[in-house]
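Please have the sequence and the 3D view open side by side. The paragraphs below go through selected strands, loops and a surface patch.

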Amino acid sequence: DERDKEGSLKEHKIHYITVKDLEPSTNYYFSITSGSKEFLQKDELFIVKTASVIQTPSPSEKIIKGKIILPSGENPTETAVYITSDNAQTFSDLAKGDGSYSISLQSLRNADLNSYFTFSDETVFRLLVLGADSLTSNARFNGSESEELPAITLGNDYDFTQSSLPTASSSASTGFSYLASQESTPGKNPQINIPKSNQTFIDSQ
């Protein structure tokens, strides 16, 4: 986990890693072992393909920021935030201890990763928040929205595309897709088996 870089391992309900120094346009295969469970994608290794290099500069420098709070008003202990739009890839951030997050859209690409994602003031983005205690929130905002989104209370959904201040509603479907995983061979300690040592990958930011 990124929070364990100093060698002091802690238990986490939400895990977050960034893998660096991968080759462009290359397939990488991996499985994930946590405790005594190994997670695969339908009995097969997960596969990710790195994007090709884009020679042209990104058309956007927009950064989306905000804050997540618990229903009690306290800061969440662990929270992951995801942003996407129709025909766009998904970007993410691990919220800080005070619940704040920041996601740059500068390198956001189309879903096929072949070009940068171009958006307008009318483009609708979707935001998904995952909390450590199974609380989730969904929000919608458009490209004209201020870079600083209103605070989100975990467990509620928001539509910031409305002209008036949106009313929070109970969380429903996320609109985000996930890789299916299942248990397999027992293991001892949390580890990524593939890529092996000195093999890494990075998201396309």
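Strands here are DSSP runs of type E with at least two residues, numbered from the N terminus. The model is predicted.

Start with strand β6, which covers residues 79-85. Of its seven residues, six are buried, so the strand is largely enclosed by the rest of the structure. A residue is called buried when its relative accessible area is under 20%.

Next, look at the partners of β6. Strand β9, residues 124-131, pairs with β6 in the antiparallel sense, and seven bridges connect the two. Strand β7, residues 91-94, also runs antiparallel to β6 and is joined to it by four bridges. Tyr 82 shows both pairings: it stands opposite Leu 128 in β9, and its bridge partner in β7 is Ser 92.

Now follow the chain through the hairpin of β6 and β7, where five residues lie between the strands. What is the phi of Asn 87 in this hairpin? Asn 87 takes a positive phi near 65 degrees, although Asn 87 is not a glycine. Most residues other than glycine have a negative phi. Is Asn 87 buried or exposed? Its relative accessible area is 61%, so Asn 87 counts as exposed, the cut-off for that word being over 50%.

Leu 113 lies between β8 and β9. Its phi is about 70 degrees, and Leu 113 is not a glycine either.

Strand β5 spans residues 63-69 and runs parallel to β11, with two bridges joining them. Within this pair, Ile 68 of β5 stands opposite Ile 152 in β11.

Which residues make a nonpolar surface patch of about 260 Å²? The patch is made by Tyr 29, Leu 45 and Ile 47. Tyr 29 belongs to strand β1, residues 27-30. With a relative accessible area of 41%, Tyr 29 is partly exposed, because that term covers values between the buried limit of 20% and the exposed limit of 50%.

Key:
Residues numbered from 1 in each chain as written. Predicted model: local features only at pLDDT ≥ 70, side-chain atom pairs only at ≥ 80, totals over all residues. Heavy atoms only, no water. Pairing = 2+ DSSP bridges. Patch = residues over 30% accessible without salt bridge, like charges linked within 9 Å, V, L, I, M, F, W, Y side chains within 5 Å. Areas by Shrake-Rupley, 256 points an atom, 1.4 Å probe, with all protein chains shown as cover. Salt bridge = Lys/Arg side-chain N within 4 Å of Asp/Glu carboxyl O. Buried < 20%, exposed > 50% of the residue type's maximum accessible area, 1.4 Å probe, protein only.
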